[in-house]
Amino acid sequence: MLLSNRAVFAGSDLDEVRGEVAKVFCPHRLDLAGDANLLSARFNSVQLGSVRVSYLDYGADVHIEPGDLDTFFLVMIPLAGRSLIRAGGEETGWPATRWPSRTWRTP
């Protein structure tokens, strides 16, 4: 597991998982999109100067609504499964086996 020596937390309670991730990133909406029994989150993270590198595995399908990311940029690289991202009326998605097909530019 990536960054295993930088564990932030591990847990299976949805409210706890949401709260611990929010402490590092930002308040957000986090809902299960499938079987609640599969939730087994692992969160590892390290701050390297002005950049934070994190490994986050929910163990279950989740739906995340982060709201506006006013104070940081988020770069996601799925290592397993798939991802669907919606932003500014645009949508892109990819499996973990290839890079995204679309790049967004902010003004």
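Where does leucine 2 lie in the chain? Leucine 2 sits in the segment before β1 (7-11), where strands (E, at least two residues) and helices (H or I, at least four) are DSSP runs numbered from the N terminus. This is a predicted model, in which local features need pLDDT of at least 70, side-chain atom pairs count only at pLDDT 80 or more, and totals for chains, interfaces and linings use all residues. Residues are numbered from 1 along each chain as its sequence is written, and side-chain values use heavy atoms, with hydrogens and water left out.

Let us start with the overall layout. The chain has 1 helix and 7 strands, and along the sequence they follow the pattern β-α-β-β-β-β-β-β. Of its 107 residues, 21% count as buried; buried means under 20% relative accessible area, exposed over 50%, and partly exposed in between, with a 1.4 Å probe and protein chains only.

Now to the helix, α1, which spans residues 14-24. Its buried residues are Val17, Glu20 and Val21. Seen down the helix axis, they fall within an arc of 95°, so they line one face of α1; the arc is that of the directions from the helix axis to the C-beta atoms. These buried residues pack against β1, β2 (29-32), β3 and β4 (51-57), with contact meaning heavy atoms within 4.5 Å. On the other side of α1, Asp15 and Lys23 are exposed.

Why does arginine 18 count as partly exposed? Because its relative accessibility is 22%. Leaving aside neighbours within four places in sequence, arginine 18 is in contact with His28, Leu30 and Asp31.

Lysine 23 is exposed, with a relative accessible area of 64%. A search of the whole structure finds 4 salt bridges. Another of them joins the side chains of arginine 42 and aspartate 57 (2.3 Å, N to O). That pair links distant parts of the chain, with arginine 42 in strand β3 and aspartate 57 in strand β4, 15 residues apart.

Strand β3 (residues 41-48) also holds asparagine 44, which counts as buried because its relative accessibility is 3%. The side chain of asparagine 44 reaches the backbone oxygen of leucine 2 at 2.9 Å, and a polar atom of that side chain lies 3.4 Å from the backbone oxygen of leucine 3. Not counting residues up to four places away in sequence, asparagine 44 touches several others, including Met1, Ser4, Val8 and Tyr55.

This brings us back to leucine 2, which is partly exposed, with a relative accessible area of 47%. Together with Val75, Ile77 and Leu79, leucine 2 forms a nonpolar patch on the surface, with about 430 Å² of accessible area. Patches are made of residues with over 30% relative accessible area and no salt bridge, joining like charges within 9 Å and nonpolar side chains (Val, Leu, Ile, Met, Phe, Trp, Tyr) within 5 Å. Accessible areas come from the Shrake-Rupley method with a 1.4 Å probe; for residues, only the protein chains shown count as cover.

Definitions and conventions. A polar contact is a pair of N or O atoms within 3.5 Å; within protein, one must be able to donate a hydrogen and the other to accept it, and residues adjacent in sequence count only if both atoms are side-chain atoms.
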